[in-house]
Amino acid sequence: MGSDYEYSDDDGEYYDDEEMFDGTQDEGDDVDMDNFGDDFKVAGKGKRKSYEVDYDSLSQQAVEKLMQRDVDHICGIFGVDTDTANLLLRHMKWNKERLIEKFMDNATSVLVAAGVAAPEPASPPAPVRTHNNSAPNSSTTRRPTTRGSKLLSLASGSKSAKSPPSTPKPMQRQLSKKQDEPFVCQICFNDAPDLQTLSLGCDHAFCTECWTDYIVSKIRDESEHSIRCMAEGCALVAPDSFIRSVLLPETGADPEKQEFNEKTWSRLQELFVRHFVGCNSSLKFCPYPSCTNTVSCPSAASKSSLTTIVPTVSCGARGIGNSAQDPAQSQQASLGLQGKEHKFCFGCDIESDHRPVICGVARMWLKKCRDDSETANWIKSNTKECSACQSTIEKNGGCNHMTCKKCKHEFCWVCMGPWSEHGTAWYSCNRFDEKTGVDARDAQSRSRASLERYLHYYNRWANHEQSAKLSLDLYAKTEKKMEEMQITSALTWIEVQFMKKAVEEVDKCRMTLKWTYAMAYYLAKGNEKELFEDNQRDLEKAVEDLSELLESQIEAEQIPTLRQQVTNKTVYVQKRNEIVLEDTANGFLEGRWRWNVPVPGFDDPVETA
């Protein structure tokens with residue numbers, strides 16, 4: 001929903017360097033300022049508003065550092081290498097506590113389940129002892145197993161010794177070409193004598209070309225970050241070092257292919273980061289195309305918190321990655337605009353700022369706008385059902401004597417009673433006030449009233465959405481007016497920026513107004529809803545007044561007056577918007593809002609008259 005995106009030059013508080021500090025930067029100072037009384041205390045700057053949440057924007061490199069920190073932690077505890085720690089953490093969805101608990105309980109099963117090591121081969125059954133005095137058959141004697149996984153033996157020992165194993169690298173790049181017998185790749189059936197082969201710790205060897213094609217296909221076509229051995233039934237997972245050695249060999253690679261494989265390796269790193277972010281409830285990827293930034297918002301990590309806050313966040317980036325291929329972005333660049341800030345909701349999949357309404361109600365509203373529920377309401381309001389076969393009938397003539405084409409039942413359209421009971425005086429419709437006729441009429445009236453109520457809120461919601469879609473045109477017109485002001489007056493380019501600021505504020509407030517109608521639709525009747533609609537009305541009137549000023553013709557002698565009026569109205573609109581957002585957010589924190597439908601996390605709905 002591109003119309004939901006906001007311009008955020010007026011939201012500098014999110015990225016103001018002084019306001020991003022949380023007070024921990026002064027922990028190293030040993031001076032206790034509280035001992036000096038109030039003389040040295042300074043009022044804090046950048047107090048967070050009730051409708052804002054604390055969050056941090058992270059680049060892909062910053063997320064990779066968080067991943068590496070967890071890997072180092074596991075390496076230090078288990079004494080394993082980096083490849084093994086990565087595979088274990090990915091298997092446990094980066095839950096370090098659960099991994100440590102499971103590993104200490106049964107290291108062998110965890111290593112096998114994570115694809116780090118192959119399971120031990122099933123041992124042959126023990127020989128059956130009999131009373132035969134003859135010498136036992138040497139072929140049935142159990143031979144000791146000399147070949148096995150050193151990693152699993154260490155893991156088994158760790159369980160009995162209650163100490164973590166010190167594991168060597170379980171998988172590595174191996175040259176498995178044999179000189180004494182011909183080798184045939186089981187994938188491509190290449191049997192060239194100089195064929196180079198690779199295998200994991202399971203010793204399932206395949207040629208390097210097949211390994212390369214397989215890994216590239218898994219990463220690029222299937223977006224897989226966990227790449228298992230190509231042998232059927234083998235569950236070993238290729239470690240990062242093995243994949244890198246296949247994609248980026250040290251020597252002998254074609255430059256063009258080398259560049260392609262480097263992009264594939266970068267794509268794999270992105271998939272690792274996405275898996276890490278997806279497993280962490282306090283992290284979320286930016287949903288904008290081509291953006292690889294992540295947002296950390298621990299305050300919105302739990303579902304229960306989403307009943308009291310609307311976690312609108314920004315990843316810090318602007319515009320679209322491939323803006324040269326996007327005409328809209330190119331037009332924005334030509335207007336001197338850097339593109340809209342990547343602002344979205346952390347708590348749900350709505351890729352926009354839907355304040356002041358919470359996520360659950362916003363999703364209900366969008367679902368209601370998408371599905372066919374209102375189509376069914378229209379059918380109920382404009383059609384009736386045959387009382388005999390329940391077929392839907394639409395009246396297409398003036399006569400009230402209806403005949404169902406399906407079952408040939410004759411009835412009265414007014415009272416829905418059988419036509420035979422009307423006699424010759426059917427115009428008086430003496431059965432109209434009977435219970436069956438009254439119930440049918442009341443059901444249709446309720447359906448029509450419900451439809452009209454929905455259309456009241458939807459039309460206003462859609463109007464503000466349409467206005468947001470036209471914001472780019474409004475920016476273009478404003479840009480021309482700003483240039484005209486410079487020509488016809490002595491104002492500089494900096495002095496005419498009040499017009500751009502006003503357009504940004506209008507665009508922002510229309511997004512707020514848009515979602516206030518979605519919230520008002522579900523609010524139960526009462527004093528709280530009336531106060532909410534009063535604030536909504538004041539904001540809407542202020543926005544329309546400012547929009548009218550922006551659309552007015554510019555006259556040279558009226559420019560100073562226009563500048564003063566636009567500036568004053570912009571400040572007023574900004575304040576009215578803050579009042580709406582603040583009051584709504586405080587209402588959620590205080591539990592003031594009541595709904596006319598069931599909303600998770602709130603009291604039962606209030607019955608409407």
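Student: At roughly what angle do the axes of H1 and H2 cross, and within what distance do they come?

Tutor: Start with the general idea. Two packed helices are described by the angle between their axes and the distance between the axes. In this model, which is predicted, the axes of H1 and H2 cross at roughly 110° and come within 9 Å. H1 and H2 are therefore roughly perpendicular to each other. Their crossing is right-handed.

Student: Which residues of H1 and H2 make the contact?

Tutor: H1 contributes Asp70, Val71, Ile74, Cys75 and Phe78, while H2 contributes Thr82, Ala85, Asn86, Leu88 and Leu89. Sorted by class, the contact of H1 with H2 has seven nonpolar residues, two polar and one charged.

Student: What lies in the loop between H2 and H3?

Tutor: Lysine 93 is placed there, and tryptophan 94 is found in that loop too. Each has a backbone angle to look at. Lysine 93 has a phi near 55°, which is positive in a residue other than glycine. Tryptophan 94, also not a glycine, has a positive phi of about 60°.

Student: Is lysine 93 buried or exposed, and is tryptophan 94 buried or exposed?

Tutor: The way to read this is by relative accessibility, with under 20% counting as buried and over 50% as exposed. Lysine 93 counts as exposed because its relative accessibility is 57%. Tryptophan 94 counts as buried because its value is 8%.

Student: How do H6 and H7 pack?

Tutor: Read the angle and the distance again. H6 covers residues 208-221 and H7 covers residues 240-247; they pack at about 115°, and their axes are 9 Å apart. H6 and H7 are therefore roughly perpendicular to each other. The crossing of H6 and H7 is left-handed.

Student: Which residues of H6 meet which residues of H7?

Tutor: On the H6 side they are Trp211, Thr212, Ile215, Val216 and Ile219; on the H7 side, Phe242, Ile243, Val246 and Leu247. The contact of H6 with H7 consists of eight nonpolar residues and one polar, with no charged residues.

Student: Why do residues spaced along a helix end up pointing the same way?

Tutor: An α-helix has 3.6 residues a turn, so residues three or four places apart point the same way. Keep that spacing in mind when reading the lists of contacts. In H6, for example, Trp211, Ile215 and Ile219 are among the residues that meet H7.

Student: At what angle do H7 and H8 pack?

Tutor: The angle is about 160°, and the axes are 9 Å apart. H7 and H8 are therefore roughly antiparallel to each other. From H7, Asp240, Ile243, Arg244 and Leu247 take part, and they meet Gln258, Asn261, Thr264, Trp265, Leu268 and Phe272 of H8. By class, the contact of H7 with H8 has five nonpolar, three polar and two charged residues.

Student: Which elements do the buried residues of H8 pack against?

Tutor: They pack against the helices H1, H2, H6 and H7 and the strands E4 and E5. The buried residues of H8 include Trp265, Leu268, Leu271, Phe272 and Phe276. Gln258, Asn261, Glu270 and His275 of H8 are also among the buried residues.

Student: How far does H13 reach from its first C-alpha to its last?

Tutor: The helix reaches 25 Å, close to the 26 Å expected for its 18 residues at 1.5 Å a residue. Among its buried residues are Leu472, Leu474, Tyr475, Glu479, Lys481 and Met485.

Student: Which peptide bond is cis, with omega near 15°?

Tutor: To read a peptide bond, look at its omega angle. The bond from arginine 355 to proline 356 is the cis one here. Proline 356 sits in the loop between strand E7 and helix H10.

Student: What is glutamate 578 in contact with, leaving aside its neighbours within four places in sequence?

Tutor: The contacts are Lys49 and Tyr51. Glutamate 578 itself belongs to H16. Its C-alpha atom is 9.5 Å from that of cysteine 509, 69 residues away along the chain.

Definitions and conventions. Residues numbered from 1 in each chain as written. Predicted model: local features only at pLDDT ≥ 70, side-chain atom pairs only at ≥ 80, totals over all residues. Heavy atoms only, no water. Axes fitted to C-alpha atoms, helices over the stretch in contact; angles between N-to-C directions. Helix = DSSP H or I, 4+ residues; strand = E, 2+ residues; numbered from the N terminus. Parallel < 35°, antiparallel > 145°, perpendicular 65-115°, else oblique. Left-handed = near helix turned anticlockwise from the far one by under 90°. Contact = heavy atoms within 4.5 Å. Nonpolar A, V, L, I, M, F, W, Y, C, P; charged D, E, K, R; others polar. Buried < 20%, exposed > 50% of the residue type's maximum accessible area, 1.4 Å probe, protein only. Expected span 1.5 Å × (residues − 1).
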